[in-house]
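Q: I have a structure open and would like to go through it with you. Could we begin with the aromatic rings?

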Amino acid sequence: MAMMGIRRADPFSNTRLAWVDRDGRDLGAVQAPAARYSEVRLAPDNQRAAVVRAVSGTKSAVWVIDLVRHGANRVADGPGLNYQAVWSPEGTRLAYTNDSSGSEQLFARGAGGGFLRGHEVPDRV
């Protein structure tokens, strides 16, 4: 069974996405734009991946990479950090967290980028 992982030379350089086996051995590169990736979530159909691309220490965006056609689409690029993307069971929507308001808020968008809804997530103690 292959999984997708992130290969990083150092914490400040671009990373590369790679297919890896359960032991972490590299099985091949994923065609994706050069960026600093920090999270990867495969879609239920295994044909797309939601990734978080760091822009700076205070800004990141959620992108969807098409693993079949080798394209990429920015889904969430609001102010602040956008992270913790999770696919809906049918693979048509993504939920993600944004911290631009000072507290974390949960948003959902169509996997192609269309806005669906947002609501505040209470602080956890």
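Predicted model: local features only at pLDDT ≥ 70, side-chain atom pairs only at ≥ 80, totals over all residues.

Q: Which residues form the aromatic pair, and how is it arranged?
A: The partners are Tyr 96 and Phe 107, and the pair is stacked. Their rings lie 5.8 Å apart, centre to centre, with 25° between the planes. An angle under 30 degrees counts as stacked, which is why this pair receives that label.

Q: Where in the chain do Tyr 96 and Phe 107 sit?
A: Tyr 96 belongs to strand 9, residues 93-98, whereas Phe 107 belongs to strand 10, residues 105-110. The two are 11 residues apart, and the pair links distant parts of the chain.

Q: Are Tyr 96 and Phe 107 buried or exposed?
A: Both Tyr 96 and Phe 107 are buried.

Q: Which residues of the largest nonpolar core touch the most other members?
A: Tyr 96 is one of them, together with Ala 50, Val 62, Val 64, Ala 85, Trp 87 and Leu 94. The core has 14 residues.

Q: Which elements give two or more residues to this core?
A: They are strand 5 (48-56), strand 6 (59-66), strand 7 (72-76), strand 8 (82-87) and strand 9. Strand 8 provides the largest share, three residues.

Q: What lies over the face of Trp 63?
A: Arg 53 does, at 4.3 Å from the ring centre.

Q: New topic: how many helices and strands are in the chain?
A: The chain has zero helices and 11 strands.

Q: How do strand 2 and strand 3 run relative to each other, parallel or antiparallel?
A: Strand 2 (residues 15-20) and strand 3 (residues 26-29) run antiparallel, joined by three bridges. Val 20 stands opposite Asp 26 of strand 3.

Q: How many residues lie between the two strands of that hairpin?
A: There are five residues between them, and Gly 24 in the turn has a positive phi of about 85°.

Q: Lastly, what share of the chain is buried?
A: Buried residues make up 35% of the 125 residues.

Terms used:
Residues numbered from 1 in each chain as written. Heavy atoms only, no water. Pairing = 2+ DSSP bridges. Helix = DSSP H or I, 4+ residues; strand = E, 2+ residues; numbered from the N terminus. Phe/Tyr/Trp six-rings, centres within 6.5 Å; stacked < 30°, edge-to-face > 60°. Buried < 20%, exposed > 50% of the residue type's maximum accessible area, 1.4 Å probe, protein only. Lys NZ or Arg CZ within 6 Å of the ring centre and 35° of its normal. Core = buried A, V, L, I, M, F, W, Y, C linked by side-chain atoms within 4.5 Å.
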